[in-house]
Amino acid sequence: MNSKKWGVCLLVLSVLSLGLLGAVTAYIDPFFHYHGPLDFLQYPIDDQRYQNDGIVRHFDYDAVITGTSLTENFRASQFDRLFGVNAVKVCFSGGTYHELNSNLRRALEAKPGIRLVLFGIDSWFLRETPGALRTDAVYPAYLYDDKLCNDVSYLLNKEVLCSRTAGVLEYTRMGRTTTDFDEYSFWGSGSYGVTGREVALANFPRESLTRIDGPLSQQERQQIVDNLTNGAVEIARAYPDTQFLYFFPPYSILYWDSQHQEGSIDRQTEAWSLASEVLLAEPNIRLFSFYDDFETVTNLDNYRDNVHYGDAINALLLDRMARGEGELTLDNYRDHWKTVADFYRSYDYDAIFE
């Protein structure tokens, strides 16, 4: 065989080998880019930004739980039981408002029959720069679109093949079962999930902060309206048969200590009040706040730092929302935020650290 024929044969073998390896990844599909889990394999679900897009497009469900790390300890089984749905949980640790809405839109486009969405709306979402993404996270763009041309980054990726594709086979061989949506993203157990006054205070180095007195500017108010209009409101209007449950995650009294030092309590409650007005104008949006549950918020045994609460609080929130407790309406939201502002403005924060 001359060198030319040898080169052609080598090229053909190389292409066939690469094609075979790519086909194996496509068939097993550890990131669910093409299909959901195969019945005879068991999948570890443990990588939000690589798997959430595939989950919302290819799993069987009629409800969605989404939000930042403050929603990760929700158990889908409790949500299903309380609301009569079959939910997937697709949280994004440290996620941005844009990131969550992008994933939710993908879900609603893929499953227009979604009945219910639970969405934790953090305070920073309201004044976030449009299109912002978490700066220290890796975003595999080739998984977030329907273009076949860039799938080579997935199919011929050595790390994906050796770690994730082979990992599914090993996970199955070990007798494990596909991660369910109680355990996916759940951090309530283990050392990271430990809550308590000493832990919360240790994770909150109190600092003197620059004061930002005064109400929100007109520009800030408009940004809040624009962010919500281009996100939650736009989505709710596009899917009028879907009910959206939005809630403000109840940050701890340590968070309010920072707001107090900055002179921002009135600004923060003004922002939430404006957000309430915008969201509650939509008939298929329900909104909840538990900041007037002062016993929970001021009890640092519920928290691991200034904002993160333990899984017992996630369970409590679901129970209360199912009963309609903590629900804001166009008739009560102003009084709610006034009560919240009055309490946290006059709280004795120094006593926390004595």
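This is a predicted model: local features need pLDDT of at least 70, side-chain atom pairs count only at pLDDT 80 or more; totals for chains, interfaces and linings use all residues.

How much space lies in the largest cavity? I looked up the value and found about 40 Å³ in the largest cavity. Counting cavities of 30 Å³ or more, I got 1.

The residues lining the largest cavity are Pro-250, Phe-290, Asp-293, Thr-296, Val-297, Ile-313, Leu-316, Leu-317 and Arg-320. I sorted them by class and got 6 nonpolar, 1 polar and 2 charged. Helix 11 (294-298) and helix 12 (311-322) each bring at least two residues to this lining, and helix 12 gives the most, with 4 residues.

The largest pocket came out at about 220 Å³. It is lined by 14 residues, and Glu-99, Ser-102, Asn-103, Tyr-139 and Tyr-144 are the closest to its centre. Which helix gives the most to the lining of this largest pocket? I found that helix 4 does, with 5 residues. Helix 2 (48-58) and helix 4 (97-110) each supply at least two. By class, I noted 5 nonpolar, 5 polar and 4 charged residues in the lining of the largest pocket.

My last stop was the second largest pocket, with a volume of about 170 Å³. Its lining includes Tyr-97, His-98, Asn-101 and Arg-105, as well as Asp-226, Asn-227, Asn-230 and Gly-231. Helix 4 and helix 8 (218-238) are the elements that give two or more residues here. The lining of the second largest pocket divides into 2 nonpolar, 7 polar and 3 charged residues.

How values were computed. Residues are numbered from 1 along each chain as its sequence is written. Side-chain values use heavy atoms; hydrogens and water are left out. On a 1 Å grid over the protein atoms alone, a cavity is a set of points where a 1.4 Å probe fits but cannot get out, and a pocket is an open set with protein on both sides within 12 Å along at least five of seven lines; lining residues have an atom within 4 Å of a point. Grid points are joined across faces, edges and corners, and a volume is the space filled by probe spheres set on the points. Ala, Val, Leu, Ile, Met, Phe, Trp, Tyr, Cys and Pro count as nonpolar, Asp, Glu, Lys and Arg as charged, and the others, Gly among them, as polar.
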